[in-house]
Amino acid sequence: MIEVESLSLSFGSRRALEAISFQVPSGSVTGFLGPNGAGKTTTLRVLTTWLLPDPGTTRVVVDGVDLLRDPRRACGRIGSVLETVPLPSELRVCEYLQLRASLKGIPRASISSELSRVLQEVDASDVGRRRIGTLSQGYRQRIGLADALIGNPPVLLLDEPTRGLDPRQVTHFRQLLDRLRGDHTILLSSHVLGEVEQICDRICMISEGRICLEEDRDAWTERLATAGSIRVEIAADNPAIKSDLEAISGVRDVVADGSGWLLTSDSDVRQQIGTLAREKDWTILELRRDPATLESLFLQLTVSGVAT
Amino acid sequence: MSRIISLTRRDLLSLFVSPVAWTIIFVFLLVMGLTFHLSLLGVDGDLRQLVAATYGGLVFWFMMLVIPPLVSMRALAEERRLGSLEMLMTTGVSDSSVVFSKWLATWVFFLLLWICLLPLWGLLSTVGRVDVGVLFSAYLGVAMVGAGFCATGILASAVTSHPLASAGLATAMNMGLFLIHWLRFLYQPGDLELRWIDHFSAVHHLGDELTRGIFDLRIPIWWGTFTILMLFVTTKVLERRRW
């Protein structure tokens with residue numbers, strides 16, 4: 001389990017994280033979403049112990065180990081895949097993983113079997129003897145993942161792990177996460193919302209260094225089911241249409257959309273629109289509900305990213 | 001300990017696959033070979049003098065000042081620039097282990113360079129008598145000065161992310177330690193200020209003693225302390241830049 005409470009981090013005068021709090025339950029796969037520059041990678045870097053949070057941070061616990069008090073012990077509980085995996089091109093895959101295993105404190109006698117296991121897990125056994133410099137981006141990404149799995153750490157932090165993978169490899173990666181689910185607590189940062197929707201049990205959205213949504217699958221599925229936009233096109237040129245539509249209970253916003261109107265509402269208000277049309281004697285040319293998606297939720301909750 | 005050995009081996013390997021390292025080896029052997037040859041012609045068969053000329057002359061000091069910064073310039077700077085330092089430091093390895101292994105790899109490479117000169121002495125011993133004790137103490141001096149200057153190189157590499165800037169900074173630091181010795185000519189013999197200059201002078205703490213086979217315990221203590229101090233400061237710089 002990962003527990004973060006009031007985590008703040010500043011780079012000079014710029015606040016990158018504003019007292020964020022969230023939890024990743026044991027054995028779950030949690031999607032960590034947010035625009036570029038929102039603070040995703042910074043949060044992951046704190047969790048890997050690379051960055052030290054500001055003194056006001058209350059609690060950062062990784063698999064029962066207080067990261068603020070004992071960062072080195074916490075390191076042993078975490079396997080991470082960075083956004084870009086910088087691998088030494090001069091080494092062979094097995095040499096590199098051997099080095100990483102010895103740095104992670106794996107006993108010499110079990111390094112060989114451990115390497116076989118992780119290479120098999122990421123479907124890269126065939127490149128064990130190849131130099132890293134000759135590998136494709138997809139294979140490099142898999143070697144990064146194999147590195148994260150060395151020592152079977154209970155917590156995995158994955159920052160854009162499917163970047164550079166082909167569709168077959170992405171499918172394989174999803175199957176791998178399914179196998180790891182339950183035994184590992186996984187925090188997955190990704191921009192591929194479809195992937196998050198398919199894989200994750202829980203999502204956590206961050207925007208401008210603040211957590212703006214933290215929900216499990218049931219809650220966000222329900223949210224998507226009730227939210228969404230409605231497009232209505234009415235054969236009348238009446239300036240009062242907008243205010244009439246806005247007056248419908250549950251409607252949050254009405255904007256012009258070409259020749260029609262786009263309504264954002266908390267619930268499905270098509271029936272109320274029909275009733276109103278009858279009352280006002282409008283002729284409805286189109287009445288369509290576009291269900292909310294994770295993408296629309298993302299766009300609604302997050303502000304546009306600022307590159308850092 | 002096994003982590004330090006693994007890291008040192010990996011750093012040594014990455015040094016040997018770099019073209020910079022092979023260029024350093026080539027230039028070093030060329031310059032030192034020429035120096036050896038010219039000194040041999042000038043010492044009139046006195047091999048003790050040859051040791052002093054090879055391991056105490058201006059070319060020797062030039063190599064001492066320039067080679068360690070060039071070897072160590074990529075140690076931390078390059079890792080930081082590529083992002084691999086983050087991967088390394090988040091495996092639970094302590095900052096001091098990383099600094100020590102980087103220094104050790106640099107120092108071993110530096111010693112290997114000087115060991116490459118030993119066959120020349122082997123060749124010479126077939127036609128004359130080489131004083132092994134004097135040669136050994138000269139190499140002790142090389143090892144100690146190299147340890148200190150490699151440590152300043154690692155410190156410079158921790159301060160900046162640009163290898164060339166790191167090499168320049170380390171050379172300037174080494175040069176400072178070297179040139180401070182020549183400040184003594186500003187004072188009259190017996191002036192109290194001379195004692196302070198001697199405390200900080202690299203040349204004073206190698207001097208002629210070792211190339212004459214005289215072992216003074218103060219020399220390893222000074223260089224040992226200097227090396228440890230530099231590595232300690234590097235660890236602190238790394239901690240500070242990381243967090």
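# Questions about a predicted two-chain model

Visitor: Helix α1 (residues 40-47) of chain A lies across several strands; to which strand does it run at about 150°?
Guide: This is a predicted model. In it, α1(A) lies across β3, β6, β7 (155-159), β8 (185-189) and β9 of chain A. The strand to which the helix runs at about 150° is β7(A).

Visitor: Which helix of chain A lies across β6 and β7 and runs at about 170° to β6(A)?
Guide: Both β6 and β7 of chain A also have α1(A) lying across them. The helix running at about 170° to β6(A) covers residues 137-149. This helix is α5(A).

Visitor: What is the strand order of the open sheet of 6 strands in chain A?
Guide: The pairing in this sheet is mixed. Strands of a sheet can pair either parallel or antiparallel, through backbone hydrogen bonds. From one strand to the next, the twist averages 15°. In chain A the order is β6-β7-β8-β3-β9-β10.

Visitor: Which are the edge strands of that sheet?
Guide: An edge strand here pairs on one side only. One of the two covers residues 78-81 and the other residues 210-216. They are β6(A) and β10(A).

Visitor: Which residue in β9(A) is the bridge partner of T30(A)?
Guide: Strand β3 of chain A spans residues 29-33, and strand β9 of chain A spans residues 202-207. These two strands pair in the parallel sense over 4 bridges. The bridge partner of T30(A) in β9(A) is R202(A).

Visitor: Is L177(A) buried or exposed?
Guide: L177(A) belongs to helix α6 (residues 167-180) of chain A. A residue is buried if 20 or more other C-beta atoms lie within 10 Å of its own. Because L177(A) has 21 C-beta neighbours inside 10 Å, it counts as buried.

Visitor: Leaving aside neighbours within four places in sequence, with which residues is L177(A) in contact?
Guide: I143(A) is 34 residues from L177(A) in sequence and 15 Å away in space, C-alpha to C-alpha. With neighbours within four places set aside, the contacts of L177(A) are V29(A), I186(A) and I199(A).

Visitor: How many bridges join strand β11 (residues 228-234) of chain A and β14(A)?
Guide: An open sheet of 4 strands, in the order β12-β13-β11-β14 (chain A), has antiparallel pairing. Its edge strands are β12 (251-257) and β14 (284-291) of chain A. Within β14(A), E286(A) is the bridge partner of E233(A). The number of bridges between β11(A) and β14(A) is 7.

Visitor: What percentage of the residues of chain A count as buried?
Guide: Chain A has 11 helices and 14 strands. Its C-alpha atoms fill a box of roughly 80 × 45 × 35 Å along the principal axes. Of its 308 residues, the share counted as buried is 37%.

Visitor: Which element gives the most residues to the side of chain B that touches chain A?
Guide: 19 residues of chain B are in contact with 20 residues of chain A. On that side of chain B, two or more residues come from each of α1 (2-16) and α6 (84-89) of chain B. The element that gives the most, with 5 residues, is α1(B).

Visitor: Why is α1(B) oblique to α7(B)?
Guide: The axes of α1(B) and helix α7 (residues 95-115) of chain B come within 8 Å. The crossing of these two helices is right-handed. The residues of the contact divide into 10 nonpolar, 3 polar and 3 charged. The pair is oblique because the axes cross at roughly 45°.

Visitor: How many charged residues has the contact of α9(B) with α10(B)?
Guide: Helix α9 (residues 132-159) and helix α10 (residues 163-179) of chain B pack at an angle of about 140°. Their contact includes F149(B) of α9(B) and L169(B) of α10(B). By class, this contact has 6 nonpolar and 5 polar residues, and the count of charged residues is no charged residues.

Note on methods
Residues numbered from 1 in each chain as written. Chains lettered and ligands numbered in written order. Predicted model: local features only at pLDDT ≥ 70, side-chain atom pairs only at ≥ 80, totals over all residues. Contact = placed C-beta atoms within 7 Å. Axes fitted to C-alpha atoms, helices over the stretch in contact; angles between N-to-C directions. Parallel < 35°, antiparallel > 145°, perpendicular 65-115°, else oblique. Left-handed = near helix turned anticlockwise from the far one by under 90°. Nonpolar A, V, L, I, M, F, W, Y, C, P; charged D, E, K, R; others polar. Buried ≥ 20, exposed ≤ 12 C-beta atoms within 10 Å, placed from the backbone. Pairing = 2+ DSSP bridges.
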